[in-house]
Each structure stands twice: as C-alpha cells, then as structure tokens.
Amino acid sequence: MVFDIDMIKGVYAALPGKVEATRKMLGRPLTLAEKILYAHLFAPTATPYERGKSYVEFAPDRVAMQDATAQMALLQFMTCGRDKVAVPSTVHCDHLIQAENGAAKDLAAANNTNKEVYDFLSSISDKYGIGFWKPGAGIIHQVVLENYAFPGGMMIGTDSHTPNAGGLGMIAIGVGGADAVDVMAGLPWELKMPKLIGVKLTGKMSGWTSAKDIILKVAGILTVKGGTGCIVEYFGEGADSFSATGKATICNMGAEIGATCSLFGYDEKMGDYLKLTSRADVAAAADAVKEHLRPDAEVYADPAKYYDQVIEINLDELEPYVNGPFTPDLAWPISKFAQAVKENNWPEKLEVALIGSCTNSSYEDISRSASLAQQAIDKGLGMKSEYTITPGSELVRYTIERDGLLNTFAQVGGVVLANACGPCIGQWARHIDDPNRKNSIITSFNRNFAKRNDGLASTHAFVASPEIVTALAIAGSLTFNPLTDTLKNKNGEDVKLDEPKGFELPVKGFAVEDAGYQAPAADGSNVQVIVSPESQRLQLLAPFAAWEGTDLKGLKLLIKAKGKCTTDHISMAGPWLKFRGHLDNISNNMLIGAVNAFNDKTDTVKNELTGEYGAVPATMRAYKAAGLGAVVVGDENYGEGSSREHAAMEPRHLGVRAILVKSFARIHETNLKKQGMLALTFANKEDYDKVQEDDNIDILGLTSFVPGSQLTVVLNHKDGSKDEFAVNHTYNEQQIQWFKAGGALNVIRAEFAK
Ligand code: SF4
C-alpha cells in the first residue's frame, strides 16, 4: 500500500464539521469547490473570502513532483532547513525519457543518460521521506490517479496537468517548485480564492464521442484564457454518466483553458475506480461522507446563483472534436474539420498519430482504440500513418498487455513507447525526412503549441480523442470523418468503421508485476544526497540577492516579446529538459522562443552595449557582466502553459529585474514573485507600444511598495525624450516580503533559522 488511508480518514473525519461551519458562515448552500477549499484552510476564518480577490492560505494534503520539476524543487527544499517533508509527497520519473525506438530500448537509454538525475532524486527522496516512482513506473498524473487521488482531498503538483486528479473529486493544482517547497516545509500555501465556473452536463455520450470531446468543446468556448483564476466544476446527470478516468481527462485539459483546476463530484464511477485500483477502503470512507463530496442540492437547482459563470453542454448532441493546430482552443467539430483543413491549407496527409499520455491512456481509452485497430485488421484497411501508444503507467501497460490489446496494436504496426511523457513534452527523436516540410500529426495529448511535440515549427499538431486519432491514423488523412466516410480496403471495397467499443474498467481487474515504487527510508538522517560538483545537470543553489532598497534605474530592455509567449517560449523543453537541475546551464535557453517585436525574429535582440544583435541569453549575460539589470516586456497571458519555475528563475539568475506585460498567466506570475522578481502589468495596455528598442528603463515607487499601489515606469528613449506611466501589480504583504528578501526561499530559511 502506497497511499495513506489514515491521512484520508483524518480529512473525512473533519469534513462534515468544516462544511457545516462554512455553510453557516456563507449563509447559503455550497458548491463542491467551496466545501473542499474551506475544509483545507491553513487556519480557520470567521469571514468569507472573496472570489477572485482574497489571497487565502491553504494546507494541501499532498505534493507530487515530476522529475523535470522535482530537481529544482528539491534543490530548493534541501536549503530550507527541514529533515523530512511535512505532508505525503512523491516524485515521478516520467519527463526525461526520450521516445525513439520503443519502450524497452528507450527506457534503457534513459536510465543510462539520466543516471545522475535519477540517483539524485532517488537519494533525496529516500532522505526526506518522499515516495519515489522509478523511470518506467508511469506518468505523474496517471500514477497519482491510480494511487493517491481521493474525493474531497487537496493536492498541489509541480506540473500544470496536476488537475487530472479532479477526475476523482480532488482539488489538484499545478504549481511551481517553490510552492511545493512551502507545502513540504509545512508552511501555508497561498492562492487567490478562485472564481467558479459551473459546467452543467446533461444527456449521455454515445458512439464516437468521448470525454475528451467535452473538454475540447469547452476549450473552444472558453479559449486558453477563459478559465484563468477559476475552478471549473462539472455537475449534472451527464457528469455522473461516464467514467472516473474520462473525468480525469477533462480535468487534465482544464490546464489548456488556464483553469486553476477542474472538479467532479463523488459518484459511483469514482467508487468503482477506487475499488478496482486497490482502494476499497478509500471508497468506503468516501461513501460515509458522500453528501459532503458533491455540491449541495440547491446548487444543482439554480447554478447561476452559485457559480460566476455557467456553461451547459448536452452530451446527447456532442460531436467528436479535433482542436488545433498550434493552440488547443481552436475547436472543430469533426463534421466541419475536413473543410477547415482544406480551407486553411493544412497538410491533409496525417504522418503520425499518437495515443496515450497522462491525458488519455485509461483502460477505456486503450480498449476503445484497440477495437478500431482490430477493425483495421478485420476489414483489410491497415494503418496508413505512423502510430504510437504511450501507456500512462505500468499498471495500465501490464493490464493491456495481459488482455491482448498491445498485441492488436502491434498487428497494425503500432509502436508502444515507454510509460512516460515522451513526444508529449518534446522528448521525441522523430524520424522525418525533411524537418522543414509542412506536415501534420495528431495526438490524444493535451497541448499542441508550435514545436511542442517534435521541436519542428513546420509540424501542425492537432488534438483529439484516442478513438478519433486512431480512426484518422487508419485513414492516413486529416479529412476523414469516421462517422460518415468510407475507406477503400486492400480489396478495393468501400468499408466503414464501426463505432469504437471498449471497457470502462478491465473485466479481469488491473494487474502489475512491478509498479516501480520505492518507499523512502524510515529514518533518512544518514542518507547522502548524491550531487557531483562537476555535474552539468545538477547544481546546488545559491540564494538570490536581496533587493538593494532603492528604485531600479537604468535597466536595459532585454526583449519586447510580441504575441504568444508561453513558458515553452521562455524556457523551452525538449533538449533542455536535461538541464532542469542546473540553473546556470538551463539559463542558456532563456526566452529563445520569444518573438522580438522589433524584428519579428526569435532569439535575436539588440545588445545595447555593442549595438550588435545576438542571442537573448548571451545578451543578458553581457548586461549582467556589466552590472546592469534588464526588463522583459511581454504581451497578453505571458507565461501561459506549464508551471515550470525555471521560466522565472532563469531571468532572475541572469539579472532581469522586472517582467512588464499586458497580462500574466497565474502560475507564472506567482513563480516570478516567489523568485523575488517584479511581475508588473501595464495599467494602460497601449503603453506597451511606447516601449522602444534602445530604452533605458527606471522603475520607481519601490521604497513605498505596498499592496494595491501602483509603481511608475519611466522609459528613457535614445533621442532624449521620455515616457512615464503607471504599472499595476498584485503583490500582497507576504509577496512584497519575498521581493525585498530576494525570494520566498530566503524568507523561509530565515524563519527556520530563528
Ligand atoms: Fe507528461 Fe504530457 Fe502529461 Fe505533461 S501533459 S505530464 S508532459 S504526458
């Protein structure tokens, strides 16, 4: 047993009293999110928090970390003065395995290439009481769903798709490593009280439609920004009609609409999943408090009264969707997709189709996809695209192998990749003849920003359910609609694919020989954490310098980024993943994907010291060597995408002093604050246009920096003229302390030293 039933029982024992007290305090019925949030306050409150305004301190039940982000989180935790984590925590080795030749070879190669990182993570987990999931055990969110997620719980994870656990009714939020350090250190974790979006699901899905299509449709409605600062709560009879793993898919992809997390109420489907994943005791404990694990009945009756926004989707009418390219909110119902492909001149030929990942590798997903692969065999169609299968965990992989599903995929040429992120995070040595050739791929993953999967700007990546991905792979074309179209088989006959059929859960139960879990030492005091001083991949951290106590003057403009600037643009993944534990080395990727507004080029900015154009990191290193700070200017939703705090630490490490943008993605804004960086927004968005390439920039008002105040930015232009304007911030008292101390970790260390 790897989960902590006593901890869960403790949460449930306190739940009824906390829910009742909250109901009384708010004086009205409660949504599910409110029940869980108020039950996880770090300290009780006598007054309600205001959604979208109040900063609230929470006490999450768990922490999960994936290997790419765990390195920096644990390097930070090491320096905070504790000898054991304060809450149950786990590390999952999933991001560093490159997909190239299939599971066995790729896993062996990863164990070799990443040995020092795995040794570090294994030893530090052992020392500080952290559960360690070895390479090959599976992808963090799938492993969490199978082992740790529980209805009514609250967790944070150092990965933006942590909300996957909402499929089991848990508030699960993606954060940066610095937040994980807070919770593992036993300190409160702070979040602005989220607003609530209610999604009412009526009807029931059938045929080709699956849970993925719900979130693909929601992404089209809300866009990549529409969920920002919100918890999305799904309810209605439609919500209870489909599997817990389907719910997890929806919650997982809530990250693609910027949602803080997504959530379903506890139901029989969750109970079934808990029981089949060896947690009958959790199901029984949840059953005993089940009325507290769903919204109050009055909320169902009049949702507009309790949610800030309500969306209604009739599952009876829901079509399968394909979203993309380049953004997950470009939503096309399958009936309109072929036309969109033609009108937009997207490459019709489908070169690679990839199913699985943390988002869509449930037994249901795989068995439904396998039913289509079987039809490809039986109907003489074969598979026209390259086809890969990424199981989300060893538990799933072993079970689908036992049940013959992997064999079915093998018969159509499917390649089973390691139980790891692989192509989903750019860890993909794709075999392609010409990397500049426009080409199309489709995945059942969650994210499809340019270059995300294979590092190629020429790749048009689309996202769909595993069933649609498989059907399109059989056709080898993006313009195929399996609901209406026929395909020519090898005998020249026109054949149609039947609707996919599968099993929500394995009839014979799940099975596994070695799930890949390593329990920590009972007493870790003598365990040595392994970091070589010569390492190019791991580097012990030195604290950032405290604020100098004055306004910041004479800062250089490093880059004025134009358009989308995600954390992938700020700190690219793919080949850079290997440096996630080495701040100085990974800083060589800082902002290399951002588009310079002055020349529309990436990684080409003017060095004001030489007048020459050069790479962004090298230019910043030159400023740092000259003792100069700099400012990064950005557009809307700056830092959307992942939770990686490297995107905040790199500019901090290289001497950037402020990020000034039209708007921020939530996690990135918090990460910047944690690292002692100034995260500022234009009070008037048109002031973005005033920023010129050769500006020297002053930031004034820091000596009277208080919550709710504005700061002033002065642009000293090269021709001697000036522009001066107000900028906003969202720092509270605590966050201003972080800024002054040079970062949150400096504050924590000082507190433990007292
Ligand atoms: Fe891994 Fe992709 Fe899931 Fe992130 S979204 S955890 S990269 S599989």
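Predicted model: local features only at pLDDT ≥ 70, side-chain atom pairs only at ≥ 80, totals over all residues.
**Mixed sheet**

Six strands make up an open sheet with mixed pairing, and their order is S6-S5-S2-S3-S4-S21. At its edges are strand S6 (171-174) and strand S21 (517-518), each of which pairs on one side only. Helix H3 (residues 67-78) packs on this sheet, where it touches S2 and strand S3 (89-92). The direction of H3 makes about 115° with that of S2. Strand S2 (residues 62-66) runs parallel to strand S5 (residues 154-157), and the two are joined by 3 bridges. Within this pair, Arg62 has Met155 of S5 as its bridge partner.

**Parallel sheet**

A further open sheet has 4 strands in the order S10-S9-S8-S11, and its pairing is parallel. Strand S10 (261-264) and strand S11 (309-314) each have a single partner strand, so one side of each is left without a neighbour in the sheet. On average, neighbouring strands here are turned by 20° against each other, with direction ignored. Helix H9 (residues 244-252) lies across strand S9 (230-235) and S10, and its direction is at about 155° to that of S10. Strand S8 (residues 195-202) and S11 run parallel and are joined by 6 bridges. In this pairing, Ile197 stands opposite Gln309 in S11.

| Strand pair | Bridges | Direction |
|---|---|---|
| S2 (residues 62-66) and S5 (residues 154-157) | 3 bridges | parallel |
| S8 (residues 195-202) and S11 | 6 bridges | parallel |

**Domains**

The chain is divided into domain 1 (321-495) and domain 2 (552-753). Their centres, taken over C-alpha atoms, are separated by 38 Å. Contact between them involves 6 residues of domain 1 and 5 residues of domain 2. On the domain 1 side, the touching residues divide into 2 nonpolar, 3 polar and 1 charged.

An unreviewed UniProt entry lists residues 557-684 as "domain: Aconitase A/isopropylmalate dehydratase small subunit swivel". Over residues 557-684, the chain is 28% helix and 19% strand. The end C-alpha atoms of that stretch are 19 Å apart.

**Ligand shell**

Which residues are the closest to the ligand? They are Ser357, Cys358, Cys421, Cys424 and Ile425, in a shell of 13 residues that surround the ligand. By residue class, the shell divides into 7 nonpolar, 4 polar and 2 charged.

Most residues other than glycine have a negative phi, and most peptide bonds are trans. Two places in this chain are described against that background.

The peptide bond that joins Gly324 and Pro325 is cis, with omega about 0°. Pro325 belongs to the loop between strand S12 (321-323) and strand S13 (331-333).

Asn345, a residue other than glycine, has a positive phi, near 60°. Asn345 is found in the loop between helix H13 (334-343) and strand S14 (350-356).

Methods. Residues numbered from 1 in each chain as written. Pairing = 2+ DSSP bridges. Contact = placed C-beta atoms within 7 Å. Axes fitted to C-alpha atoms, helices over the stretch in contact; angles between N-to-C directions. Near = placed C-beta within 6 Å. Nonpolar A, V, L, I, M, F, W, Y, C, P; charged D, E, K, R; others polar. UniProt positions renumbered as here; feature names shortened; annotations may be inferred. Domains from an automatic or database assignment.
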